[in-house]
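These are my notebook entries on one model, kept in the order in which I looked things up.

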Amino acid sequence: MSLMRLAAVAALLLVALSPARAQRCGPFNASVPPPAPRTDAAAVSVFHRINAQVKTQPYRVLFLGDSLVERWNEPRWGARAVWAADMAPRGVLNAGVSGDRTEHLRWRLDHGNLDGPKPRGVVLLIGTNDLGHGRSPQEAAEGIRQTLIRLRQKLPDT
């Protein structure tokens, strides 16, 4: 993806982050698939692990997303050691599922990934796979916006 497209998606996200704006504005006239579960065994396994962790591990910040988040749990490149040393002790929980698109994350938010204590903060890294599956930047941005709206509905004080 070009730098200009990435900047455009980032700008749309900044607008979408405003809770008042998210509630009053309609969609960007882009289609967005409805929430949908993943069916591959690896993604289902990670989904269940996250559901268990949000109910049993203390955390203050929830990192939600795709492989950009999940891969912090991998030992390659020292990522797991960095997460264990610098993120986990600060109460950050990794809730990334490699390969997720926005509709998968929205489904996860409705099926257990937010069933624990409410986090003080959320970091969202999603949309790369939407673009990688042929969606336009507008469609990816709308999927991200719908995810942000869902987070605001479920975590109004976060």
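**Strands**

I started with strand β1 (residues 61–65), where four of the five residues are buried, so this strand is largely enclosed by the rest of the structure. By buried I mean under 20% relative accessible area, with exposed over 50% and partly exposed in between (1.4 Å probe, protein chains only). Helices (H or I, at least four residues) and strands (E, at least two) are DSSP runs, numbered from the N terminus.

I note that the model is predicted, that local features need pLDDT of at least 70 and side-chain atom pairs count only at pLDDT 80 or more, while totals for chains, interfaces and linings use all residues. Residues are numbered from 1 along each chain as its sequence is written, and side-chain values use heavy atoms, with hydrogens and water left out.

Next I looked up the partners of β1, taking two strands as paired if DSSP finds at least two bridges between them. β1 pairs with strand β2 (residues 92–96) in the parallel sense over five bridges; within this pairing L62 has L93 as its bridge partner, and L64 stands opposite A95. β1 is also joined by five bridges to strand β3 (residues 121–125), again running parallel, and there G65 has L125 as its bridge partner.

For β2 I found that five of the five residues are buried, so β2 is largely enclosed by the rest of the structure. In a regular strand the side chains alternate between the two faces of the sheet.

**Core**

I then turned to the largest nonpolar core, which has 18 residues, and those with the most contacts inside it are I50, V54, L62, L64, L109, L114 and L151. Such a core is a set of buried Ala, Val, Leu, Ile, Met, Phe, Trp, Tyr and Cys residues joined through side-chain atoms within 4.5 Å. At least two residues of this core come from each of α3, β1, β2, α6 and α8 (137–154), and the largest share, four residues, is supplied by α3.

Which residues does L109 touch, not counting those up to four places away in sequence? I list L64, L114, T147, R150, L151 and K154, with contact meaning heavy atoms within 4.5 Å.

**Helix α6**

α6 is mostly covered, with eight of its nine residues buried, among them H104, R106 and W107. The cover over these buried residues includes α3, β1, β2, β3, α7 (128–132) and α8. Just after α6, I noted a positive phi of about 120° at G112.

**Aromatic rings**

I counted three aromatic pairs in the structure. Rings of Phe, Tyr and Trp (its six-membered ring) pair if their centres lie within 6.5 Å, and planes under 30 degrees apart count as stacked, over 60 as edge-to-face and the rest as tilted.

F47 and W107 make a tilted pair, at 5.1 Å centre to centre and 50° between the planes. F47 lies in helix α3 (residues 41–56) and W107 in helix α6 (residues 102–110), so this pair ties together parts that are 60 residues apart in sequence. Both F47 and W107 are buried.

W72 and W83 are likewise tilted, at 6.1 Å centre to centre and 45° between the planes. Because W72 lies in the loop between α4 (67–70) and α5 (79–87) and W83 in helix α5, the pair ties together parts that are 11 residues apart in sequence. W72 counts as partly exposed at 34% relative accessibility, whereas W83, at 6%, counts as buried.
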